[in-house]
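Me: I'd like to learn how to read a structure like this one, feature by feature. Could you walk me through it?

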Amino acid sequence: MSFTSQDIDHLSRLAGIRLTAGEKEKFSSQLSSVLEYVKKIQDIDTSGDHVDFHLEKFHDVTEKDQVRPYGDAEKMIEAAPEVRDRLIRVPPVKDAS
Amino acid sequence: MRLENLHVDDIRSSLIAKQYSAVELVTAYLKRVHDVNGSLNAFLTVMADEALEQARALDSRISSGENAGPLLGTVIAVKDNILMKGVRTTAGSKILDTYKGAYDATVVDRLRSAGALFIGKTNLDEFGMGASTENSAYGATKNPWDPSRVAGGSSGGSAAAIATAMSCAALGTDTGGSIRQPASLCGVVGMRPTYGRVSRNGMIALSSSLDQIGPVTKTVGDAAAVFLAMAGRDSLDVTTVEKQLFIPQEILGDITGMRIGVPKEYFIEGMDPEVEKTVRKALKQLEKLGAKIQEVHMPLTPYSLAVYYITVVSEASSNLARYDGVRYGSKLPRSSTFREAYRRLRGDELGEEVKRRIILGTFSLSQGYFDRYYLQAQKVRARIKHEFTKVFDTVDCLVAPTSPTVAFALGEKFSDPLTMYLSDIFTTPASIADAPGISVPCGFVRGLPVGLQFMTAPFDEKTLFKVAHAYEQATDWHTRMAPLA
């Protein structure tokens, strides 16, 4: 399988990245060859394997709820690109349509 | 004081003996940075004022008889994807151009408590995505041995800084080889700890199941000292575990009888034959030191890079969704909808390699493809991990080349991502097996450094440092310094 420019366009929408027409074309050929290479993992028959997400061998590491100072709240707020009176400006996330 | 000869222990004892002050020490390093960095672009931020202020504070502590910390006076450069409070941290990306850390990463905190001083932030491929530091939004770092060549990556700034003694030690991050490969290409020591050994709290995430922070230094002893000061459980990174460490003296001594495996799958067609010859010569040296060298088979090795690649792009596409122009980084452009503003911001501010990887990761995680890509990669990863576990039943340590080539020319692989990815072919296996690895200098080919890679079982860093140290002490490659421009 290889990527067409349309595939890249679709994926870029899912990924939340606007690409130029030039980038779409370039990425479709570059990512097709990368995909061709990484596809070799499919040569290994893993049908009998269970997925090891490494969960079963670890114990619960949940910490006790404790109030403690962490970082610097003022600095964290300052890092936001748009701040007014210690409030971070968030654009409307619900589309008008 | 000759900066080339300064090591963690010498600095500590010289400061205590008052042979020089911490202010004099930092001033000497800052002068070197001033003289050399312009031609190499290893530092993105030089913390001149902060470093001198830390040095003055350290001097007064020493005067009052306080000899706190094993890293007393160790000057450290920090890769620019690790947060320091109040210090600009870009991760090599335009999207974080004006961002300043709101807190210190756990590793910074621990090194500071051990007595270290911080001199600046080093260049990297954007978000750690690359093997040459050419993907930095702030220009490539050049190789100190030949400035027309790459420094390797993604921790190229840290490796170049150590090769020219602009700092005594540096921090890198290694996802698939980003500490070991640039160390190899710049002729210095670079070490990737076991996954779970060092806290990533305060590191800007690339691939959460692979990322580790580790030291870049001139010698194995220095790397071990920095590693020991950082390692251990941290409640702010749930993947860290409390496992026994070692004391520095335990890495000294001979390696007679040590069983060292040479996986034949690491000597492949297409690698530079001179690099292979150099590595084979190093194997002979290890044999002379009393090690038992034996060939081992790790047939899944050829799948490592593909497994690594699918894992890293998938996890990166998820991790990088947070750059939304709201909480930090560049401001969202005005647009009719949030969705549109988000797409524009990321299209404009992220570099090409980052966009490529996010898109491939989005594909690998998408419905209909997840089972064949991300899930299959995790299944094969488990098998590779098992292959590592099995091989360490018969040997104590593995040895292999770090990189199939010496430093390549700037621009040579830039337009062909797949060729660039192949630079990591020998470093990705340890990464996906959660194993530690170290690269040490083992010779030169056409005037460019070659690295030798050791790998051990997870959490056996003691053996890793011990064998690397024995090899280093039997050779003089680590004493060679890159010419200063």
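Me: Is B:R192 buried or exposed, and how do I tell?

Reply: Buried means under 20% relative accessible area, exposed means over 50%, and partly exposed lies in between, using a 1.4 Å probe and protein chains only. B:R192 has a relative accessible area of 0%, so this arginine is buried. Do keep in mind that this is a predicted model, where local features need pLDDT of at least 70 and side-chain atom pairs count only at pLDDT 80 or more, while totals for chains, interfaces and linings use all residues. Residues are numbered from 1 along each chain as its sequence is written, chains are lettered from A and ligands numbered from 1 in the order in which they are written, and side-chain values use heavy atoms, leaving out hydrogens and water.

Me: Which residue forms a salt bridge with B:R192?

Reply: A salt bridge is a side-chain nitrogen of Lys or Arg within 4 Å of a carboxyl oxygen of Asp or Glu. Here the partner is B:D174, with the closest N and O atoms 3.2 Å apart. B:D174 sits in strand β6 (residues 169-174) of chain B and B:R192 in strand β7 of chain B, 18 residues apart, so the pair links distant parts of the chain. B:D174 also counts as buried, at 0% relative accessibility.

Me: What does β7(B) pair with?

Reply: Strands here are DSSP runs of E with at least two residues, helices are runs of H or I with at least four, and both are numbered from the N terminus. Two strands pair if DSSP finds at least two bridges between them. Strand β7 (residues 189-192) of chain B pairs with β12(B) in the antiparallel sense over three bridges, and B:R192 has B:G437 as its bridge partner there. On β13(B), B:G437 stands opposite B:M455.

Me: How many bridges join β12(B) to β13(B)?

Reply: Eight bridges join them, and the two strands run antiparallel. They form a hairpin with two residues between them, and B:R446 in the turn has a positive phi of about 50°. Strand β12 (residues 437-445) of chain B is largely enclosed by the rest of the structure, because eight of its nine residues are buried.

Me: Where do B:D396 and B:R259 lie?

Reply: B:D396 is in the loop between α12 and β11 (397-401) of chain B, and B:R259 is in strand β9 (residues 259-263) of chain B, so their pair ties together parts that are 137 residues apart in sequence. Their salt bridge brings the closest N and O atoms to 2.9 Å. B:D396 is partly exposed at 26% relative accessible area, and B:R259 is partly exposed at 30%.

Me: How many residues does each chain bring to the contact between chain B and chain A?

Reply: Contact means heavy atoms within 4.5 Å. Chain B gives 66 residues and chain A gives 55. Buried area is the accessible area (1.4 Å probe) that two parts lose on being put together, summed over both. For these chains it is about 5,500 Å², with carbon and sulfur atoms giving 65%.

Me: How many salt bridges are there between chain B and chain A?

Reply: The count is four. One example is B:R334 with A:E82, whose closest N and O atoms are 3.5 Å apart. There is also a network of salt bridges linking A:K26, B:E352, B:E353, B:R356 and B:R357.
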